Protein chains: 4
Amino acid sequence: MSTTESHPELDRLDEAIGAIWNQILTHPLAKELTQSGLGADRRLYALYIFQVYHYASHTARNQALVGVNLANVDTQYQKYCFEHALEETGHELMALHDLRALGLSLEEPRRDVPRPLPATELLIAYLYFVSTQGRPVSRLGYSYWAERSYDFIRPVITSLQSKMSLASGSMSFFFAHSKVDEKHADDVRAILLRVCKSPEDWAAVRRTAEVTLQLTAQILEQVYGEYKKLRDGHDTEYALLQKLAPPTEP
Amino acid sequence: MSTTESHPELDRLDEAIGAIWNQILTHPLAKELTQSGLGADRRLYALYIFQVYHYASHTARNQALVGVNLANVDTQYQKYCFEHALEETGHELMALHDLRALGLSLEEPRRDVPRPLPATELLIAYLYFVSTQGRPVSRLGYSYWAERSYDFIRPVITSLQSKMSLASGSMSFFFAHSKVDEKHADDVRAILLRVCKSPEDWAAVRRTAEVTLQLTAQILEQVYGEYKKLRDGHDTEYALLQKLAPPTEP
Amino acid sequence: MSTTESHPELDRLDEAIGAIWNQILTHPLAKELTQSGLGADRRLYALYIFQVYHYASHTARNQALVGVNLANVDTQYQKYCFEHALEETGHELMALHDLRALGLSLEEPRRDVPRPLPATELLIAYLYFVSTQGRPVSRLGYSYWAERSYDFIRPVITSLQSKMSLASGSMSFFFAHSKVDEKHADDVRAILLRVCKSPEDWAAVRRTAEVTLQLTAQILEQVYGEYKKLRDGHDTEYALLQKLAPPTEP
Amino acid sequence: MSTTESHPELDRLDEAIGAIWNQILTHPLAKELTQSGLGADRRLYALYIFQVYHYASHTARNQALVGVNLANVDTQYQKYCFEHALEETGHELMALHDLRALGLSLEEPRRDVPRPLPATELLIAYLYFVSTQGRPVSRLGYSYWAERSYDFIRPVITSLQSKMSLASGSMSFFFAHSKVDEKHADDVRAILLRVCKSPEDWAAVRRTAEVTLQLTAQILEQVYGEYKKLRDGHDTEYALLQKLAPPTEP
């Protein structure tokens, strides 16, 4: 089946995802990020990259589990799962590299990286659940929006990069990803159209898409909440980020 | 590290594996297979291919689980696991094809394929155990001998092929494998030398190699035992193979 | 260690939990439930019991997994896990009984029970994650508040029972639970004090308590959201509840 | 259903198990154990108890996993699983106690206990496999013979106890077990008759019974093989047992 052909269930999926993106991009935080000085504070960005580090440590693993799942009996789809797991492997190291590029030492990540924020942990937990207990097709709902997300967030990233004066090489997670994701987005579309066989399958995909994108929105809010603790000098497990605080103006 | 360089632990592994191969190849069954009319009986061969079908249905899955394992923190090795899982995916379909090429219908494999023999089930069970609970390096002990096994069994296969008058295309599992396995054997050697860091790691690899090769020998014996039940008209779950019985001589 | 003795970490845990209960109980929905006609609408109650049915189908399972976890090497705690799993087994049948007592047929639960709401699925997913990948102690954070929750919700339940004119026997899940939970609450306290050995252990317990109680609050909100869809005649997977709609007044 | 009532499938199961016990008890090793001086050598006994230590560390865990299994939808049977897991928890500590009673220090079991022998590892692996991937009923085939095994082995144990001059308190694993197992044997019989609903279920139970009892026979042979290495001064991972060697006669 052609990967560019339209399909009413794909339209419905796009619509559901678009509605949540719209919420995210019109959130006051999004505006503040790009329009105020907030975006220049590397602590906020680093907080987010720590979350990326955490979930990226599990992405390849839960992706592979969909292929391991005995309920997945479609050889093509199994191959898709292992191939994409292969391509996602080690992306947490890009996040780590980007954090170190900011000046954080993190010599021993297992010891030095603070725990994920609650929403990040929920995203990780949910993807394991969906990969092992859901319909094999379910996890594609996550891949579907994730592989297309750079279209939505590229303007924000570009704006932040300039505000923080960071080289592209110090934002490797974003820039490496945005290149490969065009091909991936087509792959996901093709496999979705192949594997989804019933309205229940599509409903499962939509559910995963909505839950995981909403969790991503929650991660952003919790990152901001943690940032405010840092900024206001409150207790936080991310105190190691204070060394990235901007110089206080006179 | 070069993949052709010698290493005392590899020598020890080779020796342990060689000793078991020697037992297998000097077993009366091996001689009988190649020297008597036994090898011409397609029921014996089909019994074995059914076992291949069963364990091959799990090979990619348990291989991937080594990459999923949180104790596996070596990105290179994780990639190896997913890449090899990808390459092993669907090989049970070759076994199924070969069984159908013999004239078995097997329309609905989940319904029509008899249960694995006990030793086959033990091999499957052990590989899952090793992949999830052993040291991440352990499963390489299986890959190490499995990827090299065609050197040992090619003469037997060739002899059987001629005795059974089967086209190579009807023995796709063996012939497709023997081609790719040369590259794989080098990959396993390289990753073993990279990932094994302690005598305990090498001992774990040796353990897996020995246990799984000995289980393979047990599979062969159980295949022969089941064959004798078929030949002698006893009850067996593999009665569907009687249609492959050679014509009785006058 | 005595189970009534005070402990600063327990105080901190109580405080964290109390803060979230306070949010829940002062939420406009809580007020509306007990003070308006809303509480009399059995559709709202049934929607919630369906969520109970779903998560209770997994409670014993994920509780047992903490005992299965190889990182759990404390025999006392393992016994606690299996004993509590035993006591939680089959509680989903109480929820099913209560739903049937409302007049829903649900002959074949796997076919007739609608999917859990997203927050319910997240709660289930998170408890599996915590039970298999977290510190073995983590899941106690859930048990700790859950076993005490009847103190907080009893007034609401009592009010709803009277508004809906339901016999106690038709609300078996709540009434059976509130009896056993006093003993359980003491058990959790004792095992917490035994198993928590470091600030990281207590932080893990607090994290689980907070995340799972907040998810419970989200379940309540999503139940209310789904109820409004029902009431306003919108599309919902819970349309089977329309037969419980109160008679429209003239 | 009464637990003493006869059932043709139970008879068939008894027969299959009896045949393997017969092989074990007429094996030359069995005779030698009770009739020669061999039985007096505590190294042989200790080797076996180490295997008990290993598999008993997993018994409760894989038993509980049958209750965790989502394919297990029989509440009675789930309860059986958690209750029996509870009763099996910590039995590895009895084995450890018995090993220490022989004079072995084993301060830090994870460090000081040698690896299980291969057949012991296979038994552990197979029970995990059966508990998670087999029919939920399968694992009962193991419990069925295991709970009755003391009838078969009591004479051997009694003979060994006298030859080794060990107090019953130093053989706690055997003596504690033989007491509780009469009740358990009845429980297994009752649950088997409840849960087995098809010939395939009974075949699965028989398969597990046969495979696990045969693995137990293999454990005995490997224990004897390792013992001979010890006796003859060869390399073995169980060299710590040399301190239990009997005094050499002049």
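Between chain A and chain B of this predicted model, six residue pairs are in polar contact, both residues at pLDDT 80 or more. A polar contact is a pair of N or O atoms within 3.5 Å; within protein, one must be able to donate a hydrogen and the other to accept it, and residues adjacent in sequence count only if both atoms are side-chain atoms. The interface holds zero salt bridges (a side-chain nitrogen of Lys or Arg within 4 Å of a carboxyl oxygen of Asp or Glu).

**Composition of the interface**
- Helix H3 (42-68) and helix H4 (75-88) of chain A are the elements that give two or more residues to the side touching chain B; helices are DSSP runs of H or I, at least four residues, numbered from the N terminus.
- By class, this side of chain A has 11 nonpolar, eight polar and four charged residues, where Ala, Val, Leu, Ile, Met, Phe, Trp, Tyr, Cys and Pro count as nonpolar, Asp, Glu, Lys and Arg as charged, and the others, Gly among them, as polar.

**Extent**
- In contact (heavy atoms within 4.5 Å) are 23 residues of chain A and 23 residues of chain B.
- The two chains bury about 1900 Å² between them, 67% of it on carbon and sulfur atoms; this is the accessible area (1.4 Å probe) lost on being put together, summed over both.

**Conventions**
- Residues are numbered from 1 along each chain as its sequence is written, and chains are lettered from A and ligands numbered from 1 in the order in which they are written.
- Local features need pLDDT of at least 70, side-chain atom pairs count only at pLDDT 80 or more, and totals for chains, interfaces and linings use all residues; side-chain values use heavy atoms, with hydrogens and water left out.
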